[in-house]
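Trainee: Please take one part of this model and go through it closely. I would like the aromatic contact and the elements around it.

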Amino acid sequence: MDRLVAVNPQNLLMIEDDARLAAMVREYLAQSGYSVQVAGNGAQGLELLQSAELAPQLLILDVMLPDMDGLDICRRIRALPCALAQTPVLMLTAKGDPMDRVIGLEIGADDYLAKPFEPRELLARIRAVLRRRGNKAATPSNQLRFGSLAIDRDARTVTVHGQACDLTSYQFDLLVTLAERAGRVLTREQIMEAVRGRELEAFDRSIDVHMGRIRAAIESDPKAPRRILTVRGVGYVFARQQD
C-alpha cells in the first residue's frame, strides 16, 4: 500500500520515555502527514512546547515519566499565561487506570488512551481532537445566547456576564452539543457520539467528569445547576429558560 504524502504536516509533540514506542508512533503518524517531535522526559517536553519553532498543534502526553508526573505537566500547561495553555492534550495511561483518566480529565486533558494501544486508534483520536478544535463550519448563527451565557462557535469562546470561562476544546464541544439541542434530553452515549463521531462503550463515565468541569465554569452554583441538568438514569439536558 502506498504511503500518504504529507502536504501540510501538522506539528505534534509527544512526551514519552519509551523510545521504541515513540519511534513507532512517529513513523506511523508521519504516513498520515504529521510531524512528531519527541521528548524523553517532562522537562524537555515543556521546553519544546514553549519553543517558538515547534508550536505543536497537539500534545501526546504519557502519565508515567522519569522526572515528573504527566498529570503535573498537564496542570502546568493549563496554567500557562498564554495561548499554549489551550494546546489540546491527549494523555496515555498505563493499563487504563480509571483514576488516571478521571484526574487527567479533571485537570484539562482533552482525551485519553490506555496502553497498549493500536496506532490506528491513536491516529483516530488525534484526528478527532484536531477536528473538534478546527471545526468552524458555517452555521445559521455563530453565537448561542442563553441569558448571561454567550457561546461563540467561531471564536470557540464562552462567557458568562462578559467574563471568559475556562474550558478545554473537548468541553467546549460538549457544551455546544447540549446548547444546540436545548430542551432535548440526551444520553451520555448520544452526547459522546455527537462530539467524537463514533459510538463509545456505555460504561464509559468520563462524560460526567467533563460535565462537572463545565458546570464549575458556567454555573453560578455548580452544586445546584440551572443550565445543565442531570436526568437521572438517562443523561443530560440543557435548560431553555435561564437567568
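**The aromatic pair and its sheet**

Mentor: Phe-238 is buried, with a relative accessible area of 0%; buried means under 20%, exposed over 50%, and partly exposed in between, using a 1.4 Å probe and protein chains only. Phe-146 also counts as buried, at 12%. The model is predicted, so local features need pLDDT of at least 70 and side-chain atom pairs pLDDT 80 or more, while totals for chains, interfaces and linings use all residues; pLDDT is the predictor's confidence in each residue, from 0 to 100. Residues are numbered from 1 along each chain as its sequence is written, and side-chain values use heavy atoms, without hydrogens and water.

Rings of Phe, Tyr and Trp (its six-membered ring) pair if their centres lie within 6.5 Å, with planes under 30 degrees apart stacked, over 60 edge-to-face and the rest tilted. The count comes to one aromatic pair. Ring centres of Phe-146 and Phe-238 are 4.7 Å apart and the planes stand at 65°, so the pair is edge-to-face. Phe-146 lies in strand S6 and Phe-238 in strand S12 (residues 235-238), 92 residues apart; strands are DSSP runs of E with at least two residues, helices runs of H or I with at least four, numbered from the N terminus.

An open sheet of four strands has the order S6-S7-S8-S9, paired antiparallel; pairing takes at least two DSSP bridges between strands. S6 (143-146) and S9 (163-164) are the edges, each with a single partner strand, so one side of each has no neighbour in the sheet.
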